Amino acid sequence: MTSGTILSGMRPSGRLHLGNYFGALQNWTRLQEDYDCFYMIADVHALTTLSGAEEVRTIAPDAHEMALDWLAAGLDPERSVLFVQSQVPEHLVLQGLLSMSAPLGWLMRVPTFKERVRQIGEHEENVPFGLVGYPVLQTADIVIYKADKVPVGIDQAPHLEISREIVRRFNRLYGDTFPEPQTLLTDSPSITGTDGENKMSKSLDNHLELAASDEETAARAMTMVTDPQRMRRSDPGRPDVCNVFALQKLFNPGKIEEIRRRCESADIGCVDDKRDLAEGVNAYFREFRERRRELAESPGRVREILAAGAERARAVASETVGEVYERMGLR
Ligand code: TRP
């Protein structure tokens, strides 16, 4: 007996970075111990913000790179169902059916939707239907496996809120069918990027990739912004405002007090500290990188894993769609 069913997803974003790892992936691997887990590469969701042959060309290679990271990090295809969303077309069927009882007002109030409209500088009326329907697809992703727990970051909380509303309405209209999915927030702190200011993100190019080489990691670490008041090597540092120190806590926990003391007394400089951090990161991901390199050499194996995952997912998903057909008078 497990504690329940989990579903979570990531849009195919290529190689993952430390923020993705501590914010999600590490937690996902642990959850495999206690739950039946479905982990999905949300390639259809990627289409809500990409269009045209040129842009969508990146989806499949990015999905593949991300799958390598997932597997190397310990997501286990024997224990969990790892799959690509578009290979389980039932998600789109269920999205269509759920959309019949999802008011437009709910969808247009989602902060990520409003943010996106602002970003693309479009009038609401020009926004694609698919983007408005994003939370309905996400709801379908979850409830199609009757998942009761969804591990996500705080930025996804509003989507989950809508999922619960959609579920409640569906259950009221058609009878109890889906559990109300609960958010499982990760307690890990959000990871700040090399700029020392913004959340780590690929689009801001302030990230450190898990799969980077030792040299790339060291080079990136050297660009990190530290305590802005520490101008000279002889100035005492303030670890508590320094992002290198924040990462040291994760990668060199055993000597963190020593690092603090030596930074505060200017016994080590920022360059020493960054070099030390890079070594910590490289040691931490050494085996991960080894496993990833091996997997990357057999792309066919990765495709097989994902195809087998999709098959297991479809068995459950088509069952649920059948039940929804029944409830909604289509049988
Ligand atoms: N929207 C999520 C993101 O951008 C990805 C996602 C798609 C997801 N479907 C999901 C997350 C279902 C949790 C559950 O990060």
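**Ground rules**

I am working with a predicted model, where local features need pLDDT of at least 70, side-chain atom pairs count only at pLDDT 80 or more, and totals for chains, interfaces and linings use all residues. Residues are numbered from 1 along each chain as its sequence is written, and side-chain values use heavy atoms, with hydrogens and water left out.

**Cavities**

I took a cavity to be a set of points, on a 1 Å grid over the protein atoms alone, where a 1.4 Å probe fits but cannot get out; lining residues have an atom within 4 Å of a point. Grid points are joined across faces, edges and corners, and a volume is the space filled by probe spheres set on the points. By this rule I get two cavities of 30 Å³ or more.

For the largest cavity, I noted a lining of T226, D227, R230, G237, R238, C242, C263, I268, G269, C270 and D273. I sorted this lining into four nonpolar, three polar and four charged residues. My classes: Ala, Val, Leu, Ile, Met, Phe, Trp, Tyr, Cys and Pro are nonpolar, Asp, Glu, Lys and Arg are charged, and the others, Gly among them, are polar.

The second largest cavity has about 30 Å³ of space. Around it I found A67, W70, L71, L82, V302, I305 and L306. This lining has seven nonpolar residues, no polar and no charged ones. I also checked which helices take part: α4 (59-73) and α16 (299-327) each supply at least two of the lining residues. Helices (H or I, at least four residues) and strands (E, at least two) are DSSP runs, numbered from the N terminus.

**Ligand**

Next I turned to the ligand and counted 14 residues around it, the closest being R11, Y134, Q138, D141 and Q156; a residue counts if one of its heavy atoms lies within 4 Å. By class, I have seven nonpolar, five polar and two charged residues in this shell. β1 (5-10), α9 (134-143) and β4 (149-152) each give at least two residues to the shell, and α9 gives the most, with four.

Which side chains have an N or O atom by a nitrogen atom of the ligand? I used polar contacts, pairs of N or O atoms within 3.5 Å. The side chain of D141 comes to 2.7 Å from a ligand nitrogen, and that of Q138 to 2.9 Å. A polar side-chain atom of Q156 is 3.2 Å from a ligand nitrogen. Finally, I noted that the protein covers 90% of the 360 Å² of accessible area that the ligand has on its own (Shrake-Rupley method, 1.4 Å probe).

Technical notes. 1 Å grid on protein atoms, 1.4 Å probe; cavity = no way out; pocket = protein on both sides within 12 Å on 5 of 7 lines; lining within 4 Å. Polar contact = N/O pair within 3.5 Å; in protein donor to acceptor, adjacent residues only side chain to side chain.
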